[in-house]
Amino acid sequence: MNPYLAEFIGTALLILLGNGVVANVVLKDTKGNNSGWMVITTAWALAVFVGVVVAGPHSGAHLNPAVTVALAITGAFEWIKVLYYVISQLGGAIFGAFLVWIFYKDHFDSTEDKGLKAAPFATSPAINNKLSNLFSEIIGTFVLIFVIFYITGGEMGEEKTPIGLGSVGALPVAFLVWVIGLSLGGTTGYAINPARDLGPRIVHSIIPMKGKGNSNWAYSWIPVVGPLIGASLAALLHLFIKL
């Protein structure tokens, strides 16, 4: 499979399953309504597992612009490919979010709360404090990237596996995302992935959803900039420690 197609498909599956569980928990009259944070964080971890399993052998399974940028900073990934990976990830996130809307359309239509209608698409802060919210996304993504570098003793990539989460292993990454969600996700909903938030937010802003509220674009830069800063800091610290 072409690596860019693999990033598209892997990210689409990640968003379909990850944002899908949010829809299942928060929307009216679903079987999983009000099943809670543990269900959301667990399913998101398993969604990462699925995306990595599918895309890993072909693209390395970055599935996240923050991962791509961090690998490029450390020299493990070519800068010339970064934009193509990010475009593929964003496209996959948009497609996955659109599928979530189609899948749960009846439940979106029956849910009156505009905030709950937006929740399966984009993150939002529990308390609106942009500096604190930015810090949360920086720290969450820093932990994600820094630990990824050390899951395999600081070495990423195998002879037959492209560089990325796939070379680390789907299961360890899934557990890492799970604990980040459980421990650090309560403030902003832990985007820790610019494509995961921006792509679905774009979908929310353009679909003809019944009773839709605004897409909160004033907040949208935080789950994009925060993860990129956190990933960059983790990569730079990794380089410094290796000196």
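User: What makes a residue in this predicted model count as buried, and what share of the protein is buried?
Analyst: Buried means under 20% relative accessible area. By that cut-off, buried residues make up 49% of the 243 residues. The model is predicted.

User: What makes up the secondary structure of the protein?
Analyst: There are 11 helices and 0 strands. From the N terminus on, the elements run α-α-α-α-α-α-α-α-α-α-α.

User: How do you know what share of the contacts joins residues 24 or more positions apart?
Analyst: A contact needs heavy atoms within 4.5 Å. Among contacts with a separation of 6 or more, 77% join residues 24 or more positions apart.

User: Why does the span of helix 11 agree with its number of residues?
Analyst: Helix 11 covers residues 222-242, which is 21 residues. At 1.5 Å a residue, the helix should span 30 Å. Its end C-alpha atoms are 30 Å apart, so the span agrees.

User: Which residues of helix 11 are buried, and what do they pack against?
Analyst: The buried residues are Ile222, Pro223, Gly226, Pro227, Gly230, Ala231, Ala234, Ala235 and His238. They pack against helix 3 (65-73), helix 7 (130-151) and helix 10 (194-206). An α-helix has 3.6 residues a turn, so residues three or four places apart point the same way.

Technical notes:
Residues are numbered from 1 along each chain as its sequence is written. This is a predicted model: local features need pLDDT of at least 70, side-chain atom pairs count only at pLDDT 80 or more; totals for chains, interfaces and linings use all residues. Side-chain values use heavy atoms; hydrogens and water are left out. Helices (H or I, at least four residues) and strands (E, at least two) are DSSP runs, numbered from the N terminus. Buried means under 20% relative accessible area, exposed over 50%, partly exposed in between (1.4 Å probe, protein chains only). The expected span of a helix is 1.5 Å times one less than its number of residues.
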